[in-house]
Amino acid sequence: LTGRWTHCLFGQGGPVREDEMAVEAQARIHIIYVNDGMFGLAFLCSLATLFSSASRAELASSLLNVLLDASYVLGNVFCLTALRRKDLLATRVAIVANGAFAAGL
């Protein structure tokens, strides 16, 4: 639910297209929305910590968390945009980037 709300901010709260395939719907709902829901909540928590940071170390840590959370969500925004356009290359790039991001964590 929170993942869907997160993607509603980008106009992606529903099917990627009118002719969305079942596998696309499953990926959107069960992979992207679920993960982005947690990253969206983490973004809000990190943002709150960023504005209430007392020390430089806490400020730097919170800023890094905000950037990481936002980049993960924006990567999935790119992925859903690629699915909407039926752009196979961009979809594959988004999948590889998502895997690289996860491996980096």
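Is Thr91 buried or exposed? The legends below take up this residue and its surroundings in a predicted model.

**Figure 1. Thr91 in helix α4 of the predicted model.** Thr91 is buried, with a relative accessible area of 12%. The cut-off explains the label: a residue counts as buried because its relative accessible area is under 20%. Thr91 is in contact with Ala82 and Leu83, leaving aside its neighbours within four places in sequence. Both Ala82 and Leu83 are among the residues of α3 that make the contact with α4.

**Figure 2. The pair of helices α3 and α4.** Helix α3 covers residues 56-85 and helix α4 covers residues 88-104. Two packed helices are described by the angle between their axes and the distance between the axes. Here the axes come within 8 Å and cross at roughly 160 degrees. Angles over 145 degrees count as roughly antiparallel, and α3 and α4 are therefore roughly antiparallel to each other. The crossing of the two helices is left-handed.

**Figure 3. Residues in the contact between α3 and α4.** From α3, the contact is made by Leu68, Ser71, Tyr72, Asn76, Phe78, Cys79, Ala82, Leu83 and Arg85. From α4, the residues are Ala90, Thr91, Val93, Ala94, Asn98 and Phe101. Sorted by type, the residues of this contact divide into 10 nonpolar, four polar and one charged.

**Figure 4. Gly11 in the loop between α1 and α2.** Helix α1 covers residues 2-8 and helix α2 covers residues 22-51, with Gly11 in the loop between them. Gly11 counts as exposed, at 54% relative accessibility. The label applies because exposed means over 50% relative accessible area. Gly11 and Ile95 are 84 residues apart in sequence, and their C-alpha atoms are 20 Å apart in space.

**Figure 5. The chain as the setting for the close-ups.** Of the 105 residues, 33% count as buried, and Thr91 is a buried residue. Among contacts between residues at least 6 apart in sequence, 61% join residues at least 24 apart. The accessible surface of the chain comes to about 6600 Å², and 70% of it belongs to carbon and sulfur atoms.

Key. Residues are numbered from 1 along each chain as its sequence is written. This is a predicted model: local features need pLDDT of at least 70, side-chain atom pairs count only at pLDDT 80 or more; totals for chains, interfaces and linings use all residues. Side-chain values use heavy atoms; hydrogens and water are left out. Axes are lines fitted to C-alpha atoms, for helices over the stretch in contact, and angles run from 0 to 180 degrees between N-to-C directions. Helices (H or I, at least four residues) and strands (E, at least two) are DSSP runs, numbered from the N terminus. Angles under 35 degrees count as roughly parallel, over 145 as roughly antiparallel, 65 to 115 as roughly perpendicular and the rest as oblique. A crossing is left-handed if the near helix is turned anticlockwise from the far one by less than a right angle, and right-handed if clockwise. Contact means heavy atoms within 4.5 Å. Ala, Val, Leu, Ile, Met, Phe, Trp, Tyr, Cys and Pro count as nonpolar, Asp, Glu, Lys and Arg as charged, and the others, Gly among them, as polar. Buried means under 20% relative accessible area, exposed over 50%, partly exposed in between (1.4 Å probe, protein chains only). Accessible areas come from the Shrake-Rupley method with a 1.4 Å probe; for residues, only the protein chains shown count as cover.
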